[in-house]
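User: Please walk me through the structure shown here, one careful question at a time.

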Amino acid sequence: MHRAVAATSMRLCMVSCNLEGLLMRLGSIAKHVTTSTLLQLLCTRMVQPRITASTHTDPSLNNMCPTGFINYPAPVRALDTPYDNPPPSNPSFSGTALAVLSNVVASVGPIQQILWKNAGFTQSLLKVESSGALDTHVPRYDPTVIPIHKGPSQAAFDAATTHSASPTFHSSADYIAAYRSGAITPTQVAERFLEALETDDRNLIFISRTPREVLLAAAKESTERYAAGVPLPLDGVPLVVKDELDVAGTAKTLGLSTHEANLRKVGVAEQGKTSWCVQKLLDAGMLFLGKSNMHEIGLDTTNNNPNWGTPPNPYNSGFYPGGSSGGSGAAVGGGLAPIAVGADGGGSIRIPATYCGVYGLKPSHGRLSAAPTISIAPSVGVVGPIAATMADLELSYRIMATPDALSNFPPPIPTPPPGKKVIGIYQSWFDDCDPEVLKHTQSAVSQFRNLGYEIIDISLPYLSESRSAHALTILSEIGNIFCAGNTRGLTPANKVLVSVGSRAPARDFVLAQKLRSLMMGYLSSLFQDHPGLIIVTPTLPHIGIAIEKGVAEKGGAGTSDANKSLKSMQYVFLANWVGCPAISLPVGYCAETGMPVGLMGMAEWGAEDLLLGWGKEWENVWDVEVGSSGDTERRRRGNGWVDLLTST
C-alpha cells in the first residue's frame, strides 16, 4: 500500500477561473451553504471546453495523455484502496406509512438532517478527504471528453438494408424487408399495435400514446411511400420515446402527474419542438407510437410510478421492468418496437435493458444532443438507445449521435477496432453479486476469452465512496435545479428524496466533484496502459426486484427502498460519474423466475464503436437458432412478448 505521486495541477473543466476561486471560498463556509446556491452558480458560469494539455509532474504519465481529445483527463495514479461495499442502512417504507412519513419529512427540517446524516454521504467523502487523496485535485463539474476525428461523415442506414442476425427479436431491417415485399404494411402494424394495447396492461408502458387518428394517418403516409417506391430509410419502423424527451405536439410530464407537470411548466420552453436526437429518428421515417412511462423525475431504478402505474416486465409480471426508462425497456423487450429512446443518469438505460432482456447503450457524456431539451441531471445524465438487436443499437446510436450545430463532437463515423482485444476485471467488485448472476456473467466472460479477448486483472479505488458521491450529485442536481427544493405534488418517495437532498452542504458537493476528478484521472491511466480496454462487470448485482403486493398500483403511495436503489446502481453508476460510454448485453436467465441477467462493458471516452463491436460479437454466438449454440444458453423471448410483424 502506498500513495503514488498525484497531479500537482488539473484544469477546472468548463468552469471559469472566477468561479473556481468562489468555490474554494464556499468550501470554507460550507456548513452554512447548501447545494442549491452552488448549483445555481454552476449553471450560470460555464465556458467552452478547450484542448487538454497535461501538466502532471510524472513525465511518464504526461506522455501517456493522448492527443486528439478535448478535455481528456490527465492520467494519475491514485492510492490503491481495498474493495469495500458496506451494506446501506436506510429504512424502507411503502403505502400509508410512506405517505405520512413523506409529509412529515417535507415539513420538519431536523428530520431531514437526521436522514441526510444516516445516508452516510458526508462521512464517506470526509473519509476520502482525510486520507489526503483529494488534496491535489480540482473539482470537475462536467465529465465531457470529446474525441476529435478527421474525415467525412457517412450514411448510417446501411444496417437497415439487410436482415438482422437475430432469430429471436424483430429488427428494423425485418420491418423494412416485410414492408418492401408487401407481406405487411405500416398501416397494419399500427393497427396491430392498437389492438395489443386493448387486451392487457401494456397501456402502462405509455404515459401518452400517439392519438389513434394521428398514428394511422402517419402509417398511411408511410404505406403510400412504400407503394410508390420512395420510402425513407426507416419508414414505418415503430419507435417509442421516454417522456423525459420532447416530441412536438406531445405533452411532456417527466413522470409527474399531469396537474403537477402543468404547474411546474414542464416542457413549456421546448413546446412545439422535438429533441434533436429524437428528430433525427423521425426524419428517417420512424413511426412514433408514443411517450413511454418513466420513474417520476427519474429518481429511482424500478419504474414504480404511482402517477401512471408500473409498466409490465415482459419476462415476469411479478418483477419491475427497471428504471427510470422502464417504459422504453418494456416496449422493446415486449415486442412493441425494435428501438426506443431512453435517458440514463445512473443506469436508467442499462437497468431496464437488463430487466427486459434487450440491449442498452449509455453514450459518452454529451455525445448525443437533446437540444432544446434541458437535462434534469446535467453532469451525469445522457440520452441513448435501447434496442432489441445489436444492429439496431448501432443504427439508432449513429443516427441519434449526428452532431447539432453547437456540438464539438465529430460525426459518429465507424472507427477501426484496436489491434488487441482486452477485458479488464476488478475481481472483488465483479464477484459482489448474487450467485446466479455470477454464474451467467462468468460464463459470458469465458465465451469472450474463446473469442480471443485477453482477460486482465485491474483495480479501481474508492468505488463505494464514488457511488455515494454520484448519488449525492444526481440527487442535488434534480432536487435543487429542476425541483428547486420544492416537494409540492411529488410522489411520497420523491418528497423524501428531494427534502433530504436539500440538506446537502455545498462542501460535500465540492468534495464529490474532486473525487470525480480523481476517478477520471485514474481511469485515464488505465486506458492508456491498456489500449482498447473494456472494463466488464455484471450490469446488476441481483436477479431483478420483485414487486411487493399493493405497492405498484396506479394512484397508490408507491414505495421507498434506498437500500435496493443503491444496490441496483452498484456497477452502473461509474460510467455516469466519469462520463465514459457503457453497454449492457443480455447474457442469461434466472432458472426460477425467468428474469434476464446482463453483462456490462465500459470503455474509454468516445469508444462507443469498441463497445458496439463487443456487443455484436456476443450476439453472434448467443442469439442463434435452436441447436446451433453448443452448450451456450441461447436467447429467448419473454411471455409478455407480442408479435406486431408476422401473423400468428
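User: Which elements each supply at least two residues of the lining of the largest cavity?

Analyst: This is a predicted model, in which local features need pLDDT of at least 70, side-chain atom pairs need 80 or more, and totals for chains, interfaces and linings use all residues. Residues are numbered from 1 along each chain, and side-chain values use heavy atoms, without hydrogens or water. On a 1 Å grid over the protein atoms alone, a cavity is a set of points where a 1.4 Å probe fits but cannot get out, and lining residues have an atom within 4 Å of a point. With helices (H or I, at least four residues) and strands (E, at least two) taken as DSSP runs, the elements are α4 (95-107), α5 (109-119), β7, α17 (463-482), α18 (492-501), β13 (559-561) and α20 (562-568).

User: Which element gives the largest share of the lining of the largest cavity?

Analyst: The lining has 44 residues, and those nearest the centre of the largest cavity are Leu299, Leu475, Leu497, Ala562 and Ser565. The largest share of this lining, 5 residues, comes from α17.

User: Which residues of helix α11 are buried?

Analyst: Buried means under 20% relative accessible area with a 1.4 Å probe, protein chains only. The buried residues of α11 (276-283) are Cys277, Val278, Lys280 and Leu281.

User: Why do they lie on the same side of α11?

Analyst: The arc is taken from the directions from the helix axis to the C-beta atoms. These residues lie on the same side because they cover an arc of only 155 degrees.

Definitions and conventions. Buried < 20%, exposed > 50% of the residue type's maximum accessible area, 1.4 Å probe, protein only. 1 Å grid on protein atoms, 1.4 Å probe; cavity = no way out; pocket = protein on both sides within 12 Å on 5 of 7 lines; lining within 4 Å.
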